[in-house]
Amino acid sequence: MKLKNIMKFCLVSSLVLVVGCKNPSITTKTNADLDKKVDSLLALMTLDEKIGQMNQYNGFWDATGPSPKQGNASKKYEHLESGLVGSMLNVRGVENVKAVQKIAVEKTRLGIPLLIGFDVIHGYQTLSPIPLAEAASWDLAAIKKSSEIAAEEAAAAGINWTFAPMVDISRDARWGRVMEGAGEDPYLGSLIAEARVKGFQGEDLSAVNTIIACAKHFAGYGFAESGREYNTVDIGTSTLYNTVFPPFIAATKAGVRTFMNSFNELNGIPATGNKFLQRDILKNKWGFEGFVISDWESIIEMTDHGYAENDKHAAEIAINAGSDMDMESYVYVNYLAELVKEGKVDEKLIDDAAGRILKVKFELGLFDDPYKYCDTEREKTIGSKKNKEAVLDVAKKSIVLLKNENNLLPLKKKGAKIALIGPLAADKTSPLGSWRLAAEDNTAISVLEGLQKYTDNKVTYHKGVTLTEGKPEFVTETQINTTDRTGIKEAVSIAKKNDVVVLVLGEHGFQSGEGRSRTSLNLPGLQQELLEAVYQVNKNIVLVLMNGRPLTINWADKNIPAIVEAWQLGTQSGHAIAQVLYGDYNPSGKLPMTFPKSVGQIPIYYNYKNTGRPTIPAPNQVFWSHYIDESNEPLYEFGYGLSYTTFKYENLKLSSHKFNKDTEFTASISLTNTGKVAGKEVVQFYIQDLFASITRPVKELKGFEMVALEPGESKEISFTIDKKIIEFYTVNNKWESEPGDFKIFIGGSSKTVLEDTFSYSN
Ligand code: NOJ
């Protein structure tokens, strides 16, 4: 046996004895057990090897962003072989993952397996709706299920870590990444964060169909000034704690194993170098035991922010601030050892970071079997019928009915002549939405295919106008077609000859997502022109919107009788839309984000503060908080969504109007289905704290329940109010329930119908 091999054998044997690596009979049961294993392994590692664990490299291709350091492949390979890489991203497929894992396990001194990360944002290959759309379902079980399917398919493709969920709250539809979050509300956002983390990670991380989740982007990314991607964030303590933090807290409580920091600066300090966020709050205050990864090159970007002098300084700042793993900045591997030697970084911080990363590897069971996600048979189950059915279920639930005058919808299943018009009507790619790195173009069911499947109606299709030119992955406004009007005439003549027109308009699949901020939220290109031209000849229009963010559709709201918000619903889009249009599924979605009337109203959100001048004091007065050219009201409010039936809210009853820290009371209402078909309604419950040590929003969502009712059926729905419900981060820098008077509201949207008051005393 060669000396090198003997050494390796001894090391590996001692590792087996000490930490139980590669010994399937030793399972990772308790945290104390795990900590011991981690410590034993750390004790065997050199400083360079520990730093190697904190280094993540992009894989064989560059799927997510510009990387000036491409061309470094041989260097990366060398590092991988020498144990200087702890994780890779964008390597996928059993064969590829096995290849890199084999190098880590067989060629490096200690054989420590890699974490394989990937942006599994709304599914791997079988795509569910974009996250914003899923949030519109308000169906936590369906959302959890969708993350389970995503995890199962990703794990079958060799992946063991997703960079999801994105839990950034945002009030700005100009920001392209709103498609990736759960909307504007911290309460709904927290429940969805929990559902997604639990869906990805499951009950048992060592199972073969679960993967680790990542709560991102910590923190404040959704508050980019002007909605411009990566822009400066400047927010006060109350917004940070009461609005931005809650979903991150929920993810931590749900056991999320990783956090990703963010590209933005927060109040002058880049999040990646922000010790307050990563060490003081996350690790110390919240007791987060997992690890923090930087965003792509966000460590070296601190030099552009003007916060680090050079790359080496950036590495020093990032590790001291609590960023445990470096995604593609190359600076941990290049400078950390030097920084330790120079006394600028305490080796204990390296031990802590590497230890956190190793712990997750143990939890995943990678030391027991590094190839556990590399089963070619399991890989064949990706895209199964079962998964398609599951994503169809959540897709239907995500659709929001915005308008339905004279019950134009549902459409007749027989004997109707339908004109299907619009650049997105037969599109099989845009419905997949942004962030779908592993799904092929042309794999969504189009609306055309959906409509044809569910009836024998004659459907005549014309695209009318073209949305974009060329391959629109990095679509810019100049690629949006605004010159070719030839199709409008033909579409109009088809519209004339049919009973009803289904117009499918909206955004191209890559018009939202990372790096896709917009200053206008109107229908892009010639779509508005097409809509108005068709309206001239046939008023029976069902407008189906396909988009990744709220749009400004005032004209449509005023003139078009039926509007369906169908977002980008993933692989099964066309089926879901057709089922809703034909009434096989009665829409139940509610908006998770306010639709503005005008971009100038942004940021617009339901839980705003009153100001000192909230209402007009006298006719023709100007000195109150308003615009002179637009109302303060949104087009569609948060929580809004119609059904093919109608619901009546009545009899709000409070079991008491007073409570204290030791008591609670219930608020109940009676809900009746007053229409002709069965339907589901999301009953929403809000409060307003009338005066407090810090001004409070005019309304805050505090509970909701999805209720299914047959025609004529009534149910009593009740919510319990205790001191937790009224808690907020107060002027004392604590979560507290302050005594005082409150309003309670219950209804089918944030413009609620029933209201009462109560008071709380300590
Ligand atoms: C940059 C994005 O901000 C982040 O969310 C993503 O996970 C990484 N790129 C990796 O692709």
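How many Å separate the centres of domain 2 and domain 3? I looked this up first in the model, which is a predicted one. Taken over C-alpha atoms, the two centres lie 41 Å apart.

**Entry: domains**

I noted the bounds given by the domain assignment. Domain 1 is made of two stretches, 1-116 and 346-383. Domain 2 covers 263-328, domain 3 covers 398-601 and domain 4 covers 647-761.

**Entry: the ligand**

I then turned to the ligand and listed its surroundings. There are 13 residues around the ligand, and those that come nearest are Asp-119, Arg-177, Lys-216, His-217 and Asp-295. Sorted by class, this shell holds 6 nonpolar, 2 polar and 5 charged residues.

For Arg-177 the distance is 2.6 Å. For Lys-216 the distance is 2.8 Å. For Asp-295 I found 2.6 Å. The ligand taken alone exposes 290 Å², and the protein buries 99% of that area.

**Entry: cis peptide bonds**

The peptide bond from Lys-216 to His-217 is cis, with omega near 0 degrees. His-217 belongs to strand S5, residues 214-218, and both Lys-216 and His-217 are among the residues that come nearest to the ligand.

I recorded another cis bond, from Ala-164 to Pro-165, with omega near 10 degrees. Pro-165 sits in the loop between strand S4 (161-162) and helix H8 (186-201).

**Entry: helix H14**

I followed helix H14 from end to end. Helix H14 runs over residues 347-364, 18 residues in total. From its first C-alpha to its last, H14 reaches 26 Å, close to the 26 Å expected at 1.5 Å a residue.

After H14 comes Gly-365, with a positive phi near 80 degrees.

Why is H14 described as largely enclosed by the rest of the structure? I found that 13 of its 18 residues are buried, and therefore the description holds.

**Entry: helix H2**

Helix H2 spans residues 31-44 and has 14 residues. Its reach from first to last C-alpha is 20 Å, close to the 20 Å expected. I listed its buried residues: Leu-34, Lys-37, Val-38, Ser-40, Leu-41 and Leu-42. I kept a general point beside this list: an α-helix has 3.6 residues a turn, so residues three or four places apart point the same way.

**Entry: residues in loops**

Which residues have a positive phi without being a glycine? I noted Asn-267, with a phi of about 50 degrees, and Glu-297, with a phi of about 60 degrees.

Asn-267 lies in the loop between strand S7 (265-266) and strand S8 (269-270). Its relative accessible area is 39%, so Asn-267 is partly exposed. Glu-297 is placed in the loop between strand S9 (291-293) and H11. At 8% relative accessibility, under the 20% limit for buried, Glu-297 counts as buried.

Is Gly-306 buried or exposed? Its relative accessibility is 61%, and because this is over 50%, Gly-306 counts as exposed. Gly-306 occupies the loop between helix H11 (301-304) and helix H12 (311-321).

Methods:
Residues are numbered from 1 along each chain as its sequence is written. This is a predicted model: local features need pLDDT of at least 70, side-chain atom pairs count only at pLDDT 80 or more; totals for chains, interfaces and linings use all residues. Side-chain values use heavy atoms; hydrogens and water are left out. A residue is near a molecule or strand if one of its heavy atoms lies within 4 Å of it. A polar contact is a pair of N or O atoms within 3.5 Å; within protein, one must be able to donate a hydrogen and the other to accept it, and residues adjacent in sequence count only if both atoms are side-chain atoms. Accessible areas come from the Shrake-Rupley method with a 1.4 Å probe; for residues, only the protein chains shown count as cover. Ala, Val, Leu, Ile, Met, Phe, Trp, Tyr, Cys and Pro count as nonpolar, Asp, Glu, Lys and Arg as charged, and the others, Gly among them, as polar. Helices (H or I, at least four residues) and strands (E, at least two) are DSSP runs, numbered from the N terminus. The expected span of a helix is 1.5 Å times one less than its number of residues. Buried means under 20% relative accessible area, exposed over 50%, partly exposed in between (1.4 Å probe, protein chains only). Domain bounds come from an automatic or database domain assignment.
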